[in-house]
Amino acid sequence: MKAWQYIQKGWCQGSVARTKTGKACSIHSRNATAWCLLGAVCKSYSGYERWVIEERVYELIIDVSISDWNDYPKRTKAEVIAVLKKAEGKP
């Protein structure tokens, strides 16, 4: 599954992933129902492919930290999905 599809299912801030009750968890937990931008990238990709997607995200957000960008209080799920779609090559 693409990273943007994980965010579409559920997006969170302040943790790489959360359960439906909002408890922080691992990105690979079977109870995870929401992911942050970086958590979704890590869940979807590994190795060189993950590095490429992370680099594309950095170029798009122009921020020193993917996590800080994701966790910005006024950030929206739609913004995160849009960045991931561009990074993953979806128009």
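**Reading a predicted model, step by step**

Analyst: At 33% relative accessibility, Glu79 counts as partly exposed. Keep in mind that this is a predicted model.

User: Where does Glu79 sit, and which residues does Glu79 contact beyond its neighbours within four places in sequence?

Analyst: Glu79 is in helix α5. Leaving aside neighbours within four places in sequence, Glu79 is in contact with Trp69 and Lys74. Its side chain also has a polar atom 2.8 Å from the backbone nitrogen of Thr76. For a sense of distance, take Ile66, which is 13 residues from Glu79 along the chain. Their C-alpha atoms are separated by 13 Å.

User: Which side chain forms a polar contact of 3.4 Å with the side chain of Glu79?

Analyst: That partner is Arg75. Arg75 is found in the loop between α4 and α5.

User: Is Arg75 buried or exposed?

Analyst: Use the cut-off again: buried means under 20%. Arg75 has a relative accessible area of 14%, so Arg75 is buried.

User: Now the nonpolar core. Which residues have the most contacts inside the largest one?

Analyst: Start with the members, then ask which elements supply them. The largest nonpolar core has 24 residues. Those with the most contacts inside it are Ile7, Trp35, Leu37, Val41, Val57 and Leu84. Two or more residues come from each of α1 (3-9), β2 (32-35), α2 (37-44), α3 (47-61), α4 (66-71) and α5 (77-87). Helix α5 gives the most, with five residues.

User: What does Leu84 touch?

Analyst: Leaving out residues up to four places away in sequence, Leu84 touches Ala3, Trp4, Ile7, Leu37, Val41 and Val57.

User: How many residues of α2 are buried?

Analyst: Six of the eight residues in α2 are buried, and the helix is mostly covered. The buried ones are Leu37, Gly39, Ala40, Val41, Cys42 and Ser44. Their cover includes α1, β2, α3, α4 and α5.

User: How do α2 and α3 pack?

Analyst: Read the angle and the distance between axes. The axes of α2 and α3 come within 9 Å and cross at roughly 155 degrees. An angle over 145 counts as roughly antiparallel, and α2 and α3 are therefore roughly antiparallel to each other. Their crossing is right-handed. Leu37, Leu38, Val41 and Cys42 of α2 meet Arg50, Ile53, Glu54 and Val57 of α3.

User: At what angle do α3 and α5 pack?

Analyst: The angle is about 125 degrees, and the axes of α3 and α5 are 9 Å apart. These two helices are therefore oblique to each other. Helix α3 passes α5 in a right-handed crossing. On the α3 side, the contact uses Ile53, Arg56, Val57, Leu60 and Ile61. On the α5 side, Val83, Leu84, Lys86 and Ala87 take part.

User: One last residue. Where is Ser26, and what does Ser26 contact?

Analyst: Ser26 lies in the loop between β1 (17-19) and β2. At 39% relative accessibility, Ser26 counts as partly exposed. Neighbours within four places in sequence aside, Ser26 is in contact with Ala17 and Ala32. A polar atom of its side chain lies 3.0 Å from the backbone nitrogen of His28. Ser26 and Asp71 are 45 residues apart in sequence and 17 Å apart in space, C-alpha to C-alpha.

Conventions: Residues numbered from 1 in each chain as written. Predicted model: local features only at pLDDT ≥ 70, side-chain atom pairs only at ≥ 80, totals over all residues. Heavy atoms only, no water. Core = buried A, V, L, I, M, F, W, Y, C linked by side-chain atoms within 4.5 Å. Buried < 20%, exposed > 50% of the residue type's maximum accessible area, 1.4 Å probe, protein only. Contact = heavy atoms within 4.5 Å. Polar contact = N/O pair within 3.5 Å; in protein donor to acceptor, adjacent residues only side chain to side chain. Axes fitted to C-alpha atoms, helices over the stretch in contact; angles between N-to-C directions. Parallel < 35°, antiparallel > 145°, perpendicular 65-115°, else oblique. Left-handed = near helix turned anticlockwise from the far one by under 90°.
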